[in-house]
Amino acid sequence: MRTQVGIVGAGPAGLLLSHLLHLDGIDSVVVESRSRQEIEATIRAGVLEQGTVDLLKQTGVGARMEREGFVHQGIYLRFGGASHRIDFPSLTGGRAIMVYAQHEVIKDLVAARLDAGGKILFAVKDAAVYDLDTNAPKVRFHHAGRVEELECDFIAGCDGFHGITRPSIPSRARREFTRVYPFGWFGILVEAPPSTDELIYAHHDRGFALVSTRSPQIQRLYLQCDPEDEVKNWPDSRIWEELHARLENAQGWRLAEGRVFQKSVIAMRSYVVEPMRYGRLFLAGDAAHIVPPTGAKGLNLAAADVRVLSRALASFYRGDEQPLKDYSATALRRVWRAEHFSWWMTSLLHRFHDETPFHHRLQLAELDYVVSSRTKAQTLAENYVGLPLD
Ligand code: FAD
Ligand code: DHB
């Protein structure tokens with residue numbers, strides 16, 4: 001098998017890259033270790049930045065998102081018994097966000113690729129990448145009982161944090177930056193009506209909580225938990241007790257309960273590898289960097305990476321190699337901005353088990369500043385809706 005760009009991983013990064021390359025007339029093959037059913041059912045992120053929304057719309061994969069997603073013009077920060085709204089359009093020159101689940105984006109991208117005759121190989125085993133420092137890098141894998149070799153001009157490592165492409169870069173050729181947080185998120189999906197018109201990010205003595213949504217019937221809620229915690233430790237009664245305690249305040253707001261039908265524990269980590277390239281292997285999305293979910297940046301960063309990469313590859317095939325040489329530096333600039341924002345939102349809103357009373361007072365002072373200074377609110381808003389892609 002031969003293709004121009006071999007893509008490892010059919011997450012948002014890999015699928016969107018394949019779609020964007022196709023629009024530029026560049027051939028790709030995506031190899032994915034899971035089944036189509038699995039990738040289309042995995043529950044993850046839910047917030048799309050303005051730039052991600054625009055990109056999906058402009059490239060013809062935004063129709064269902066426009067019908068079924070929810071445009072939100074702001075978020076609430078809740079602390080000290082009161083709620084404070086951050087209004088995005090007035091702080092960012094008219095920008096907003098879209099709440100539309102990651103697995104719905106995946107479904108739309110898979111459908112668009114297959115409709116256009118694109119090649120996605122699902123359920124491949126033992127993928128490995130070779131000859132990265134030559135002009136003919138290769139992906140080898142097992143598929144449908146056979147060993148296959150895919151010869152490429154370039155390989156895109158879009159296989160997420162636990163994938164095989166990043167570790168294929170010799171350790172002397174990469175540098176890693178990591179921070180692990182002393183807490184995780186307990187996430188649930190609930191059959192209930194919405195309790196709020198916009199997302200609520202709550203800082204509370206008992207820990208952080210977040211109210212998000214998926215549809216008028218299904219709500220997405222998160223609460224700060226121990227990173228080693230397990231689903232079995234959280235019967236529904238304990239989840240509701242904790243959510244009520246962290247979210248309800250004197251203003252009479254009440255959280256609507258419902259049937260909990262999905263529970264999971266999400267670890268929190270900041271991570272970046274530099275550079276995001278080795279020879280003819282280019283990393284994009286979670287394969288190259290992870291952010292804690294508090295700023296809702298993970299999926300959006302993956303989209304921003306592959307937009308830069310697809311343009312750079314298109315330039316290469318038109319005879320200009322410079323954008324490809326610049327790929328890592330261009331992508332890392334946005335990555336580090338998002339790393340800072342996600343770290344800042346996480347540090348602002350969570351309780352740290354080892355914090356001193358001094359540190360806690362600083363957190364409260366910072367929260368107060370965010371909701372009382374237009375400049376500080378603007379900083380939050382412009383990062384949350386996402387900096388322009390260009
Ligand atoms: P992924 O979505 O991880 O896609 C990688 C793909 O590669 C997967 O389909 C995987 O099966 C495939 N793959 C892996 N290894 C191989 C291999 N060896 N061979 C072939 N294929 C392989 N972000 C938020 O903003 N908010 C959230 O609430 C949030 N929740 C999250 C919950 C979880 C459990 C996780 C893991 C992430 C969450 N994120 C969240 C982050 C966000 O979902 C990611 O940033 C986003 O999925 C990145 O997209 P990606 O395409 O780079 O990687
Ligand atoms: C969702 C996830 C996030 O990480 C976030 O910051 C906001 C919303 C969500 O899954 O809806």
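A residue is counted as near a ligand here if one of its heavy atoms lies within 4 Å of that ligand. With that in mind, let me take you through this structure, which is a predicted model in which local features need pLDDT of at least 70 and side-chain atom pairs count only at pLDDT 80 or more, while totals for chains, interfaces and linings use all residues. Residues are numbered from 1 along each chain as its sequence is written, chains are lettered from A and ligands numbered from 1 in the order in which they are written, and side-chain values use heavy atoms, with hydrogens and water left out.

I will begin with ligand 1. It is surrounded by 29 residues, and the closest are Ala 13, Glu 32, Arg 34, Gln 102 and Asp 286. Several polar contacts can be listed, a polar contact being a pair of N or O atoms within 3.5 Å, where within protein one must be able to donate a hydrogen and the other to accept it, and residues adjacent in sequence count only if both atoms are side-chain atoms. A backbone N or O atom of Pro 12 is 3.2 Å from an oxygen atom of ligand 1, a polar backbone atom of Ala 13 is 2.9 Å from an oxygen atom of the ligand, and Gln 102 places a polar side-chain atom 2.7 Å from an oxygen atom of ligand 1. Taken alone, ligand 1 exposes 990 Å², of which the protein buries 83%; these areas come from the Shrake-Rupley method with a 1.4 Å probe, and for residues only the protein chains shown count as cover.

Which elements give two or more residues to that shell? They are helix 1 (12-23) and helix 8, and helix 8 provides the largest share, three residues. Helices (H or I, at least four residues) and strands (E, at least two) are DSSP runs numbered from the N terminus. By class, the shell around ligand 1 holds 15 nonpolar, eight polar and six charged residues, where Ala, Val, Leu, Ile, Met, Phe, Trp, Tyr, Cys and Pro count as nonpolar, Asp, Glu, Lys and Arg as charged, and the others, Gly among them, as polar.

Turning to ligand 2, we find 15 residues around it, with Tyr 201, Ser 212, Arg 214, Tyr 222 and Pro 293 the closest. Oxygen atoms of ligand 2 lie 2.6 Å from an N or O atom in the side chain of Tyr 201, 2.6 Å from a polar side-chain atom of Ser 212, and 2.6 Å from a backbone N or O atom of Pro 293. Ligand 2 taken alone exposes 290 Å², and the protein buries 97% of that. Strand 15 (209-213) and strand 16 (218-225) each supply at least two residues of this shell, which by class has nine nonpolar, three polar and three charged residues.

Next, the interior. A nonpolar core is a set of buried Ala, Val, Leu, Ile, Met, Phe, Trp, Tyr and Cys residues joined through side-chain atoms within 4.5 Å, and buried means under 20% relative accessible area, exposed over 50%, and partly exposed in between, with a 1.4 Å probe and protein chains only. The largest such core has 72 residues, and Leu 48 and Val 139 have the most contacts inside it. Helix 8 (residues 298-317) gives the most to this core, with ten residues. A second, separate core of 32 residues includes Val 47, Leu 199, Ala 296 and Val 385.

Tyr 327 sits in helix 10 (residues 327-349) and counts as buried, at 0% relative accessibility. Not counting residues up to four places away in sequence, Tyr 327 touches Met 276, Phe 282, Leu 283, Ala 284, Asp 305, Val 308 and Leu 309, contact meaning heavy atoms within 4.5 Å. A polar atom of the Tyr 327 side chain also lies 2.7 Å from the backbone oxygen of Leu 283.

Finally, some backbone geometry. Most residues other than glycine have a negative phi, and most peptide bonds are trans. Here the peptide bond from Glu 274 to Pro 275 is cis, with omega near -10°, and Pro 275 lies in the loop between strand 17 (259-274) and strand 18 (277-278). Asp 126, although not a glycine, has a positive phi of about 55°; Asp 126 is in strand 9 (residues 125-130) and is exposed, at 58% relative accessibility. Ala 144 has a positive phi of about 50°, belongs to the loop between strand 10 (138-143) and strand 11 (146-151), and is exposed at 70%.
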